[in-house]
Amino acid sequence: MAIRRKTSEADGMAAVREVRALFASFENSSAAPAEPVSAEVSQAFAALPRSVRATFVRFTLEELATLAPGNSVEVRVPPLGVTQCVAGPRHTRGTPPSVVEARPLVWAALVLGACSWEQAVGAGALDASGERSDLSALLPLF
């Protein structure tokens, strides 16, 4: 079953381009070893309008759910969005068997390939639990 989109493709791709341009403007800056993204990128991302950040997160979560339909993994990017994806056992109540949670900045870095899954997990910037929670094969999306 296809997901029901709440974000238009035009709005979503506009937000993706804006966030991608932000990351591209900092390509030569390096993050501290304990962080997947530099402090400068973090400050610039926080300065983006909330509507751009929210549209980016929601659109990319919809893209992920389209790419890997299912209900066995819940991907949370609080406070901006959540989706369920990846085929597997269906749950009906409570927390799904696998959960991934990331801050919006870390999610953006993963989606755009500015940091790898391993970097984010190793830096403690991403919480992933459950047997299907490794989304490294699905990321980056763009």
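Student: What makes helix α4 (residues 104-112) largely enclosed by the rest of the structure?

Tutor: Nine of the nine residues of α4 are buried, so the helix is largely enclosed by the rest of the structure. Buried means under 20% relative accessible area, exposed over 50%, and partly exposed in between (1.4 Å probe, protein chains only). Among the buried residues of α4 are Pro104, Trp107 and Leu112. Please keep in mind that this is a predicted model, where local features need pLDDT of at least 70, side-chain atom pairs count only at pLDDT 80 or more, and totals for chains, interfaces and linings use all residues. Residues are numbered from 1 along each chain as its sequence is written, and side-chain values use heavy atoms, with hydrogens and water left out.

Student: Why is this stretch called a helix, and how are strands assigned?

Tutor: Both are DSSP runs, numbered from the N terminus: a helix is H or I with at least four residues, a strand is E with at least two. Gly113 follows α4 and has a positive phi, near 80°.

Student: Why is Val86 called buried?

Tutor: Val86 has a relative accessible area of 15%, and the cut-off for buried is under 20%, so Val86 is buried. Val86 sits in the loop between β2 and β3 (98-102).

Student: What is the phi of Val86?

Tutor: Its phi is positive, about 70°, although Val86 is not a glycine. Most residues other than glycine have a negative phi.

Student: Which peptide bond joins Pro78 and Pro79?

Tutor: A cis one, with omega about 0°. Pro79 lies in the loop between β1 (73-77) and β2 (81-85). Another cis bond runs from Leu139 to Pro140, with omega near 0°; Pro140 is in the segment after β4 (126-129).
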